[in-house]
Amino acid sequence: MKRSFALWLSLGIVGLAVAQPKAEDVIKEQCAKAEVVAELWHGFTGGAPKAALENLIVEFNRGKGGSACVRPVPQGSYRDLSTKLKAAFAANKVPAMAQAFENNIALYLEGDAVLPISSLGLDLKGLNPLFVNATKIKGQVYGVPFNKSVQIMYYNNDLLKKYGAKVPTSIDEFVATAKRLSEGEKTPVYFFVPDASTYAYWFFTRGGNYLQNGKLVLNSKVGVETLEFLVKGVKDGWAKPITQGFINANFGSGTFGFSTDTSAGYSFYKSAAKFDLGTAPLPGKTGKQPGYALVQGTNLIVFKQADAKERALATEFLKFVISPKAQAVFGVATGYVPVHLGSGADATVTRYVKENPWFGTILTQSRYARFEPAIAEWEQIRFDILGQAIKEAVLGQATPKAALDKAQKQVDDLLAGRTR
Ligand code: FGO
């Protein structure tokens, strides 16, 4: 067992490009004659996360000796995945398992499609309670946290050195440093995607809360101030909105200094960076405590439509992927936070962290993290309403107040059933 774990580790970190097509082929072979096949629909589009998932599956399937297998089925992006699942419910062609955000679980439960984890007899003891609780609806746990990320601060250490700048720990320090470097470089150095994810970090760290007395509020005072802050960053020349693709795919479009982005982006950042890539906890309201990261990434859920054999196989698989060892291996290969509290003491992590401080950043940041609301409509809201408002304001098409007031009206209409 020990040796094979070391093998995935090397596959996951060193040989991604070579390992990827191979793992897919191995799985095809493993599933070729299997009596029981449990499909797992996922939203990983490539790189380390997809490769690390496939490596885990290869290892699990190997233990089944060809009689049963888990088959990963990529469905595009996370949003494509939920769209395809909705179509699958309608067509009655549902997989055994899928990745799901907390709000996706709430939505699928409206159709009574998801099995409570307790019905599988799976023991979640030892898992991070912050993650497990987030999948609870009316007291029942419906998801097994699998690939959970937190935002961290990425920075260009070469640029900081050039200006003799320290790594900022508070928002004030961050703004002062970003301004100074941007003035020196004559181009904005804080790269950000004007979307609900980036906004969440700034909003939560300023004390914002989307739910007020049970009501979803997008145009709160803190909300408007947060958006004004980002808009001012652009106007003042230190913040650069990235409107196409991931930040790591936009390094060449200017001088990258900082970003506040998902920890699961680490491997993508690392391979794209032509500079000394640094990581640190998010700047806090003061320098005494990191800011609050948005928790992203998904849980694994099991659908009611899975038959008894698929359910049993899915249960075994879930048990396998949440073990301290599997989570340690998956975490260091990808930048996801190990969901098992025991992973931190696992040799894979303790040895790795000594030489790779970026992973320590993620473990530290994971103690300062918040979730978005887990309501069924949230996916639509975060992309089509809130995300849209953020983009409009950042691109100067509306004032932050007007954009968020409009978003509030849209949310009120949606939640009251006046629009869909
Ligand atoms: C992504 C999305 C949601 C919801 C948040 C929701 C739906 C956000 C954000 C919108 O697993 P995470 O942390 O990171 C992803 C991981 C695997 O693909 O790697 C990241 N990645 C991939 C390629 C790359 O070049 N760079 C890179 O960083 C990728 O982001 O999830 C973060 C990004 C977004 O997808 O644009 O979670 N998100 N809440 N999506 N559908 N629903 O409720």
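## Terms and model

A residue is called buried when its relative accessible area is under 20%, exposed when that area is over 50%, and partly exposed in between (1.4 Å probe, protein chains only). The model is predicted, so local features need pLDDT of at least 70 and side-chain atom pairs count only at pLDDT 80 or more, while totals for chains, interfaces and linings use all residues. Residues are numbered from 1 along each chain as its sequence is written, and side-chain values use heavy atoms, with hydrogens and water left out.

## Salt bridges across the sequence

The structure holds 19 salt bridges, each defined as a side-chain nitrogen of Lys or Arg within 4 Å of a carboxyl oxygen of Asp or Glu. One of them joins the side chains of Lys304 and Asp112, with an N to O distance of 2.8 Å. Because Lys304 lies in the loop between β13 (293-302) and α12 (308-321), and Asp112 in the loop between α5 (102-110) and α6 (129-134), this pair ties together parts that are 192 residues apart in sequence. Asp112 is partly exposed at 47% relative accessibility, and Lys304 is likewise partly exposed, at 33%.

Arg71 and Glu39 also meet through their side chains, at 3.4 Å from N to O.

## Within a helix, and a network

Arg62 forms a salt bridge with Glu59, their closest N and O atoms being 3.3 Å apart, and both residues lie in helix α3 (residues 47-62), three residues apart, or about one turn of the helix. Arg62 is partly exposed at 48%, whereas Glu59 is buried at 11%. Salt bridges also link Glu24, Lys50 and Glu54 in a network.

Technical notes: Helix = DSSP H or I, 4+ residues; strand = E, 2+ residues; numbered from the N terminus.
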